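This report walks through one chain, from its overall make-up down to single residues. Please keep the sequence and the model open as you read.

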Amino acid sequence: MPKRKPTFFSDWREFFREFIIIVLGVLTALIAQSIAEEFAWREKVSAATDDMRQELGAGDAPQAYVRLMMNQCFNDRLAAVKESVERGDRMAPRQLAQGIWLPVGTFDNYAWENAVSSEISSHIPQRDKYEFRIAYVMVPELDSVRAKMLGERAALDSIPRSGGPLSQTEKQIALEAIANLEIDNHRLVRAAAFMLRHMKKLGVRIDRDQLNRRLTEANAHYGGCLTTEGNILRAMIAGESFDPR
């Protein structure tokens, strides 16, 4: 008995069946790959944000907070040095300048730079990414001003020990260093408050152990002078006030 030839319709039906099987297989593979990539990016984002929170909370924030606490001490002592320089004293400015201490710790943004360079930042939720970026935008300025202030502070120690009253040239050098310190300290506390304000929006908490370590160091130089009133510090962080008195 002769075999029945396949019909045109049955050929197409077989073709569509195989086609659908292939398409479904490809789609399943793509969906599985997409899910795997999504989980991988979530893990990378979680690790990156943890690093940024650690860097901000344990590194940058304690330094910024202590800078706010010592702001008025610094300004008052700098004003005393300025007054003695203007009087033409030689030894008094050097002695008073010894009471002006500046921390040497750096402000860092390595975690944020790593997140950006590895493109992880593009997968961070938009709102958090914005707040991280804004919090970190001040870090380079904070670190550059910090370093600049150390150089300006050193200029006060360059006043020669011997000689009579300060010459006009010596006065000018000292007063220029003092003016720069006044300006740069104002810049630094403003930037510190700005960074702390946006860290708060991210829910980043200051590491208490690191803060206490920094405070112990500051108290050794400004004991009894640091601003500790919470309402004053909160007003400074909110940008409402930069005069703790």
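## Overall make-up

Of the chain's 245 residues, 38% count as buried. Buried means under 20% relative accessible area, exposed over 50%, and partly exposed in between (1.4 Å probe, protein chains only). This is a predicted model: local features need pLDDT of at least 70, side-chain atom pairs count only at pLDDT 80 or more, and totals for chains, interfaces and linings use all residues. Residues are numbered from 1 along each chain as its sequence is written, and side-chain values use heavy atoms, with hydrogens and water left out.

The chain has nine helices and zero strands. Helices (H or I, at least four residues) and strands (E, at least two) are DSSP runs, numbered from the N terminus. Take contacts between residues at least 6 apart in sequence: 86% of them join residues at least 24 apart. Contact means heavy atoms within 4.5 Å.

## Surface

The chain exposes about 14400 Å², and carbon and sulfur atoms supply 56% of that area. Accessible areas come from the Shrake-Rupley method with a 1.4 Å probe; for residues, only the protein chains shown count as cover.

A nonpolar surface patch covers about 930 Å². Its residues include Phe-16, Phe-19, Val-26 and Ile-31. Like charges are joined within 9 Å, nonpolar side chains (Val, Leu, Ile, Met, Phe, Trp, Tyr) within 5 Å. Val-26 lies in helix H1 (residues 8-69). At 44% relative accessibility, Val-26 counts as partly exposed.

In H4, Ala-111, Trp-112 and Ala-115 are buried. Seen down the axis of H4, the buried residues fall within an arc of 100°, so they line one face of the helix. The arc is that of the directions from the helix axis to the C-beta atoms. The face turned away from that buried side carries the exposed residues Tyr-110, Asn-114 and Ser-117.

The whole structure holds two aromatic pairs. In one of them, the rings of Trp-112 and Tyr-136 have centres 5.9 Å apart and planes at 15°, so the pair is stacked. Trp-112 lies in helix H4 and Tyr-136 in helix H5, so the pair ties together parts 24 residues apart in sequence. Rings of Phe, Tyr and Trp (its six-membered ring) pair if their centres lie within 6.5 Å; planes under 30 degrees apart count as stacked, over 60 as edge-to-face and the rest as tilted. Trp-112 is buried, at 13% relative accessible area. Tyr-136 is buried too, at 2%.

Glu-119 lies in the loop between helix H4 (110-117) and helix H5 (126-137). Glu-119 has a positive phi of about 65°, although it is not a glycine. At 54% relative accessibility, Glu-119 counts as exposed.

Note on methods
Patches are made of residues with over 30% relative accessible area and no salt bridge: like charges are joined within 9 Å, nonpolar side chains (Val, Leu, Ile, Met, Phe, Trp, Tyr) within 5 Å. A salt bridge is a side-chain nitrogen of Lys or Arg within 4 Å of a carboxyl oxygen of Asp or Glu.
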